[in-house]
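Visitor: I'm new to this one. Could you take me for a close look at the place where the ligand sits?

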Amino acid sequence: MKIVNPATGEPLRSIDEDTQSSIAQKLERARRAQREWRNSDLSMRKAALRAFSKLIEAEQAELAQTLTLEVGKPITQSHNELNSFRKRIEFFADHFEVALAPEVVARAADLEEVIAHEPLGVVGNISAWNYPYFVGGNVILPALLTGNAVLYKPSELATLTGLEVVRLLHCAGIPQDCLAVVVGGAAVGKLLCEQPLNGLFFTGSVPTGRAVARAAAERLIPVGLELGGKDPAYAAQDVDVPRAAAALADGAFYNTGQSCCAVERVYVHQSIYDRFVEAFVAEVQKLRLGDPLDSATTLGPLARGEAQLAHLEQQVGDARAKGARVLAGGKRAARPGFFFEPTVLVDVDHSMQVMRDETFGPVIGLMSVASDEAALELMNDTDYGLTAAVYTSDAARAQRLLAELDVGSAYWNCCDRVSPALPWSGRRNSGLGTTLSTYGIEAFTQPKAWHKRLV
Ligand code: NAD
């Protein structure tokens with residue numbers, strides 16, 4: 001498998017993919033190792049995680065560079081991901097023991113009833129590339145801490161980063177066979193899904209998520225799916241316009257728009273619409289497209305390469321054909337690699353793909369609305385349900401609007417934000433199950449009911 005630098009289109013490295021038999025061997029070894037690991041000392045697991053965090057800190061410059069080279073993430077944003085990743089590690093290390101503590105739910109003279117929390121066994125983690133430390137870690141870390149073994153398939157677009165995660169966890173004290181990396185693309189992911197695993201945890205697109213869920217259904221094993229989004233934001237008439245425009249432009253274009261929770265469509269109250277559009281475009285013009293290794297760059301290339309450029313051209317072309325106007329960008333950047341200019345569309349509506357299908361790139365549509373109710377209706381007009389944001393200075397208004405949205409995360413005066421302490425989950429096409437928070441730790445355990453007759 002060739003690994004390509006999306007900033008240049010040049011190959012970085014070649015690497016051997018796993019096969020059916022190599023995956024089966026890794027599973028067999030993981031199965032044996034997990035029997036011991038599940039009984040290992042919890043303080044030792046916690047110490048390994050803390051050592052992992054220290055190793056990341058020590059090697060941060062090289063790790064950030066690897067991520068930027070293979071994914072194209074601007075280097076300052078690669079550092080941001082690593083800094084925040086260490087906070088997630090801390091959260092998991094601080095909270096996993098509670099998820100494993102047995103609960104005595106009834107105690108009489110002759111009978112005790114106890115809920116024990118056991119690991120699932122060996123789980124598969126099939127991951128995306130856009131935040132490879134976050135999305136890989138959201139599964140690997142709580143799964144290992146709760147006594148599971150993991151077969152981890154990083155995205156083929158973030159393989160080098162995935163290999164680094166595994167190397168550092170092994171260095172930190174996680175037994176070699178408890179965490180194995182599976183290298184390859186879609187075909188290898190499919191082979192992994194066919195193995196007799198005890199759980200499948202996936203981050204990626206909706207069609208692949210469905211395929212993973214079907215594979216899990218065949219074995220009746222738990223499945224977790226973190227899928228795409230078409231996340232809306234609404235700016236009401238009482239906002240500080242320049243501030244809201246700056247925050248929403250950042251939410252739309254951070255990581256070059258390749259975030260599951262990126263702002264993908266913005267509704268603006270008609271009374272502030274013109275001022276908002278002007279302020280938003282001014283923010284977009286401040287973005288610096290360029291070499292992602294340069295710390296001044298804020299907009300990098302598209303990791304998915306040519307296919308993603310074609311996808312963005314298709315969405316912009318469709319919008320234009322239906323009457324949208326392009327206020328900024330609108331085309332590929334004239335330079336090597338896979339770059340698209342930051343693009344702002346107005347006069348958009350819901351007949352256009354750009355307002356309905358996930359964009360996953362630096363393209364945004366801004367739409368004027370006459371009222372909160374109109375904004376609400378449009379925000380809810382989607383098959384996705386990951387996040388939604390409302391900007392207003394009125395808390396009650398935000399509360400009322402956000403309560404009506406069928407999403408996993410509701411943002412008031414903020415957007416494109418993830419906290420390790422809060423559950424991360426998508427509704428409808430955006431996914432199934434939860435990562436992060438204590439829910440995202442419990443997801444890797446199963447309850448056992450103990451009925452203990454004492455006499
Ligand atoms: P993708 O679906 O193309 O690939 C994801 C993973 O699945 C990769 O490792 C890939 O090799 C593997 N794969 C592909 N086909 C497979 C198959 N048939 N069986 C098993 N595995 C298979 O998605 P992507 O391009 O890597 O990621 C981008 C998507 O991920 C976007 O839609 C984004 O919104 C979503 N995402 C969601 C979250 C979240 O937390 N909800 C986080 C990050 C990314």
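Guide: Let's start with some sorting rules: Ala, Val, Leu, Ile, Met, Phe, Trp, Tyr, Cys and Pro count as nonpolar, Asp, Glu, Lys and Arg as charged, and the others, Gly among them, as polar. With those labels, the shell around the ligand splits into 12 nonpolar, 10 polar and six charged residues. Keep in mind that this is a predicted model, where local features need pLDDT of at least 70 and side-chain atom pairs count only at pLDDT 80 or more, while totals for chains, interfaces and linings use all residues. Residues are numbered from 1 along each chain as its sequence is written, and side-chain values use heavy atoms, with hydrogens and water left out.

So who is in that shell? There are 28 residues around the ligand, counting a residue if one of its heavy atoms lies within 4 Å of it. The closest are Ser127, Glu156, Ser205, Thr208 and Glu358.

Now zoom in on the polar contacts (pairs of N or O atoms within 3.5 Å). The side chain of glutamate 156 has an N or O atom 2.6 Å from an oxygen atom of the ligand. Serine 205 puts a polar side-chain atom 2.6 Å from a ligand oxygen, and for glutamate 358 the distance from a polar side-chain atom to a ligand oxygen is 2.6 Å. The ligand taken alone exposes 850 Å², and the protein buries 90% of that; these accessible areas come from the Shrake-Rupley method with a 1.4 Å probe.

Helices (H or I, at least four residues) and strands (E, at least two) are DSSP runs, numbered from the N terminus. Both α7 (186-193) and β8 (199-203) supply at least two shell residues, and α7 gives the most, with four.

Across the boundary, 27 residues of domain 1 are in contact with 32 of domain 2, contact meaning heavy atoms within 4.5 Å.

Conventions:
Polar contact = N/O pair within 3.5 Å; in protein donor to acceptor, adjacent residues only side chain to side chain.
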